[in-house]
Amino acid sequence: MSSFNQFLLILATFSWMMFIWVLLGQEPDNNLFIYEGHRESPMFFSQFIAIGAHLGLFGILGALLYITLQTIEYSSIKHFGILVIALIGLGWGTLTELYQLSVSGRYASVGDVVTDLTGAVIGGFLMGQIMRFISRRMV
């Protein structure tokens with residue numbers, strides 16, 4: 001893979017990380033849960049949405065990290081792919097949660113960090129399986 005393509009992959013991965021940073025740093029909108037003109041308590045339903053958002057966002061990050069790590073030439077880091085993805089997912093999840101402490105209406109949660117870590121590992125693992133499947137089919 002050319003160095004320009006590697007640069008584009010790294011740029012895409014960092015861009016996704018910045019997207020996560022911006023998205024999770026916004027003030028929450030509590031007016032999303034209106035039923036028949038009455039405001040409903042969003043706590044129960046919003047927890048599922050939040051968990052899904054964290055899993056999805058960090059799952060995509062894990063997939064991008066896997067692709068990026070596998071394309072880096074002359075590096076032994078690709079042999080520790082899932083471990084590196086887990087560490088980056090844990091670190092970025094922790095940083096975004098700490099950043100949320102400074103955002104009005106947001107709070108930091110250890111559960112969110114664990115969900116971020118889980119999403120990154122699942123995304124990286126699934127991308128690895130997809131890439132292995134594709135490479136076997138092409139032979």
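A residue is called buried here when its relative accessible area is under 20%, and exposed when that area is over 50%. With those cut-offs in mind, and remembering that this is a predicted model, begin by selecting α1, where Gln 6, Leu 9, Thr 13, Trp 16, Met 17, Ile 20 and Leu 24 are buried. Turn the view to look down the axis of α1, and you will find that its buried residues fall within an arc of 95°, so they line one face of the helix. On the other side of α1, select Ser 3, Phe 4 and Val 22, which are exposed. The end C-alpha atoms of α1 lie 32 Å apart, in agreement with the 32 Å that its 22 residues should span at 1.5 Å a residue.

Next, select Trp 16, Ile 20, Leu 57, Phe 58, Leu 61, Ile 85 and Trp 92, which touch the most other members of the largest nonpolar core, a set of 17 residues. At least two residues of this core come from each of α1 (3–24), α2 (43–71), α3 (81–100) and α4 (110–137), while the largest share, eight residues, is supplied by α2. Then centre the view on Leu 61, whose contacts beyond four places in sequence are Thr 13, Trp 16, Met 17, Ile 20 and Trp 92.

Finally, move to the loop between α3 and α4 and select Ala 108, which is partly exposed, with a relative accessible area of 34%. Leaving aside residues up to four places away in sequence, Ala 108 touches Glu 97 and Leu 101, and its C-alpha atom is separated by 8.7 Å from that of Thr 94, 14 residues apart along the chain.

How values were computed: Residues are numbered from 1 along each chain as its sequence is written. This is a predicted model: local features need pLDDT of at least 70, side-chain atom pairs count only at pLDDT 80 or more; totals for chains, interfaces and linings use all residues. Side-chain values use heavy atoms; hydrogens and water are left out. A nonpolar core is a set of buried Ala, Val, Leu, Ile, Met, Phe, Trp, Tyr and Cys residues joined through side-chain atoms within 4.5 Å. Buried means under 20% relative accessible area, exposed over 50%, partly exposed in between (1.4 Å probe, protein chains only). Helices (H or I, at least four residues) and strands (E, at least two) are DSSP runs, numbered from the N terminus. Contact means heavy atoms within 4.5 Å. The expected span of a helix is 1.5 Å times one less than its number of residues. The arc is that of the directions from the helix axis to the C-beta atoms.
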